[in-house]
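The tour below goes from the whole chain to single residues.

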Amino acid sequence: MRGSLIIVAFFVAGIIVGVTHLLPPINSNISYITLCALIFLVGFMIGNDAEIFKKFRRLNRLYMLLPLMTITGTLAGCAITTMLLPHRSLSDCLAVGSGMGYYSLSSVLITQYKGAELGTVALLANIVREVITLLGAPLMVRWFGKLAPISVGGATTMDTTLPILTRTCGKDFVIVSIFHGFIVDFSVPLLVTFFASC
């Protein structure tokens, strides 16, 4: 939760600095270079953990379908949302939803392809997804089962929401959460780039 509030605070500070022109305009290449560095660091973090792939191989085969179900359900929900937002195209809604909670990556990509307005929508939508997971995980477990908050968490289940998921779902679901986050995380740059460029 604290991490999400820090991100929102930096976002608001950036808006204030931009509106007041306290800093000179930033070249768009800096956003792209920062994005590449972020993707590299995520890959490095995953590749640096030699045990993670061994744990994935021991995972129950049915749990391996959870990331696919999360991605499919998210995209289906975004497609339905298009009917409620006639001023937004299907590709815009699918691009925002494809962030899967990974706000730092998806918002930068969408801003590059579609502009700052949709990038801001992506940032806020994905932060809200994370906050809902952090605050609502106990209720989701009670009402829908232990896989529900993992699915809602999207890409965040391998990092920021993992502690709350461990506490509410139990230690048996830690590797499920990490695997889920790993696969969904990997899908984000592919799906966001695909839908944002349509």
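Two residues are in contact when they have heavy atoms within 4.5 Å of each other. Among contacts in this chain between residues at least 6 apart in sequence, 70% join residues at least 24 apart.

**Whole chain**

Start with the cartoon view. This is a predicted model, and its secondary structure consists of 10 helices and zero strands. Followed along the sequence, the pattern reads α-α-α-α-α-α-α-α-α-α. Of the 198 residues, 40% are buried.

Now colour by pLDDT. The chain has a mean of 84, with 85% of its residues at 70 or more.

Select methionine 100, which sits in the loop between α5 (90-97) and α6. Is its side of the story buried or exposed? Methionine 100 has 0% relative accessibility, so it counts as buried. Check its backbone as well: phi is near 50°, a positive value in a residue that is not glycine.

**The α6 and α7 pair**

Next, select residues 103-114 (α6) together with residues 116-144 (α7). Their axes lie 7 Å apart and the helices pack at an angle of about 160°. An angle over 145 degrees counts as roughly antiparallel, and therefore α6 is roughly antiparallel to α7. The crossing of α6 past α7 is right-handed.

Show side chains at the contact. Which residues meet there?

- From α6: Tyr103, Ser106, Ser107, Ile110, Thr111 and Lys114.
- From α7: Ala116, Leu118, Gly119, Ala122, Leu123, Asn126, Ile127 and Glu130.

Sorted by class, this contact of α6 with α7 contains seven nonpolar, five polar and two charged residues.

**Further along α7**

Stay on α7 and select valine 131, which belongs to this helix. With a relative accessibility of 21%, valine 131 counts as partly exposed, because the buried class takes in values under 20%.

How far apart are valine 131 and glycine 153 in sequence and in space? They are separated by 22 residues in sequence and by 8.9 Å in space, C-alpha to C-alpha.

How values were computed. Residues numbered from 1 in each chain as written. Predicted model: local features only at pLDDT ≥ 70, side-chain atom pairs only at ≥ 80, totals over all residues. Heavy atoms only, no water. Axes fitted to C-alpha atoms, helices over the stretch in contact; angles between N-to-C directions. Helix = DSSP H or I, 4+ residues; strand = E, 2+ residues; numbered from the N terminus. Parallel < 35°, antiparallel > 145°, perpendicular 65-115°, else oblique. Left-handed = near helix turned anticlockwise from the far one by under 90°. Nonpolar A, V, L, I, M, F, W, Y, C, P; charged D, E, K, R; others polar. pLDDT = per-residue confidence, 0-100. Buried < 20%, exposed > 50% of the residue type's maximum accessible area, 1.4 Å probe, protein only.
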